[in-house]
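Please read it beside the sequence and the model.

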Amino acid sequence: MTQAELEAFLAVVRCGTVSGAAQQLYITQPALSRRLGVLEEELGYPLLQRGRGRRSVELTAQGRAFVSVAEKWLTIWQEAKDLKKLNGTVTLRLESIVSVSTYLLGPVLRRFLQLRPDARVRYHTCTSRIGYDDVGLGLVDLAIISDRMYHPRVKSLPVFREPMVLVMNGPAPAGAMLPSALDPVREVRMPWYPECDQWHDYWFGPDVQATVLLDQMAWMEDLLLDKGAWAVVPASVARRLPQGQGIQRCKLEQGPPDRIIYALLGQPQKPLMDEFLEAMRQGLAGQPELESYL
């Protein structure tokens with residue numbers, strides 16, 4: 001598997017056609033097709049659906065799954081090339097789920113780089129499952145995740161726990177609300193962690209259709225600006241939502257269990273991992289709603 005083959009595949013994904021990808025890479029269509037064929041032969045499965053009359057490219061199920069793998073492989077390839085430029089520096093390869101990276105990780109990374117000014121950070125977002133796989137394969141040194149699983153080559157360390165908070169756009173009730181008083185149709189929902197999903201199914205049923213089911217944190221703030229919209233979010237997210245635009249925190253009885261965030265550590269453990277966790281501990285110190293385990 002070569003860099004040229006991976007770049008050919010991703011160019012086809014971006015352009016949607018083999019001809020467009022060939023133009024983008026400044027090669028002929030037969031040359032690009034040969035690269036794709038060699039890649040598929042090495043992998044042992046087809047990446048593209050082929051047939052007469054197809055103008056645009058359609059990916060197979062394996063092809064869709066391979067997109068993120070190819071992107072990550074090229075990133076690692078580039079990082080390997082960049083090693084000759086480091087001149088004595090050290091690198092921390094880090095992944096995190098989006099909610100932690102969006103609302104917590106920026107100040108932590110700043111502290112870490114103050115502790116280790118000689119260090120470089122290579123960061124990617126991930127899901128909990130991908131975090132386990134990447135740490136286990138040695139693709140990253142440390143991942144921050146919310147779903148604890150078992151992996152024989154990965155050490156998981158609890159970092160902090162936090163309550164789940166009800167936020168809604170509209171007047172806050174005088175007392176605490178029960179989940180049964182919430183209209184599930186007006187919910188802006190994200191799948192935070194399995195126990196929260198189980199809580200949601202218990203109160204609203206597994207077939208209820210929320211207004212929006214997201215996997216992008218960036219959109220939640222805008223969608224909560226609609227009157228009557230509500231969401232149950234981690235405390236670290238609630239404290240960063242915009243104030244004074246109708247969005248407010250409300251008391252919720254019988255809410256979901258606390259969310260626990262874990263660090264996945266690769267083996268062997270590097271000193272940089274301990275220094276990153278120290279930066280995380282310092283970052284949590286000023287947030288009383290978050291109970292640190294570090």
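**Largest pocket**

The largest pocket has a lining of 17 residues, and those nearest its centre are Ile 97, Val 98, Cys 126, Thr 127 and Asp 215. The model is a predicted one: local features need pLDDT of at least 70, side-chain atom pairs count only at pLDDT 80 or more, and totals for chains, interfaces and linings use all residues. Residues are numbered from 1 along each chain as its sequence is written, and side-chain values use heavy atoms, with hydrogens and water left out.

- The volume of the largest pocket is about 480 Å³.
- A pocket here is an open set of points on a 1 Å grid over the protein atoms alone, with protein on both sides within 12 Å along at least five of seven lines; a cavity is a set of points where a 1.4 Å probe fits but cannot get out, and lining residues have an atom within 4 Å of a point.
- Grid points are joined across faces, edges and corners, and a volume is the space filled by probe spheres set on the points.
- α5 (98-115) and α6 (128-136) each give at least two residues to the pocket lining; helices (H or I, at least four residues) and strands (E, at least two) are DSSP runs, numbered from the N terminus.
- By class, the pocket lining has seven nonpolar, six polar and four charged residues, where Ala, Val, Leu, Ile, Met, Phe, Trp, Tyr, Cys and Pro count as nonpolar, Asp, Glu, Lys and Arg as charged, and the others, Gly among them, as polar.

**Cavities**

- There are two cavities of 30 Å³ or more.
- The largest cavity, of about 70 Å³, has Glu 187, Arg 189, Trp 192 and His 200 among its lining residues.
- α7 contributes the most to the lining of the largest cavity, four residues.
- The second largest cavity has a volume of about 40 Å³, and its lining includes Lys 72, Glu 79, Arg 93 and Glu 95.
- The lining of the second largest cavity is made up of three nonpolar, one polar and five charged residues.

- Glu 95 lies in strand β3 (residues 90-96) and counts as buried because its relative accessibility is 0%; buried means under 20% relative accessible area, exposed over 50%, partly exposed in between (1.4 Å probe, protein chains only).
- Beyond neighbours within four places in sequence, Glu 95 has contacts that include Lys 72, His 124, Asp 134 and Val 140; contact means heavy atoms within 4.5 Å.
- Ile 145 belongs to strand β5 (residues 142-145) and is buried, at a relative accessible area of 0%.
- Ile 145 and Ile 261 are 116 residues apart in sequence, with their C-alpha atoms 5.8 Å apart.

**Cores and whole chain**

- The largest nonpolar core has 65 residues, and Leu 166, Val 167, Trp 192, Met 220, Leu 224 and Phe 276 touch the most other members.
- Another core, of 18 residues, lies apart from it and includes Ala 11 and Leu 47.
- A nonpolar core is a set of buried Ala, Val, Leu, Ile, Met, Phe, Trp, Tyr and Cys residues joined through side-chain atoms within 4.5 Å.
- The chain has ten helices and 13 strands, and 43% of its 294 residues count as buried.
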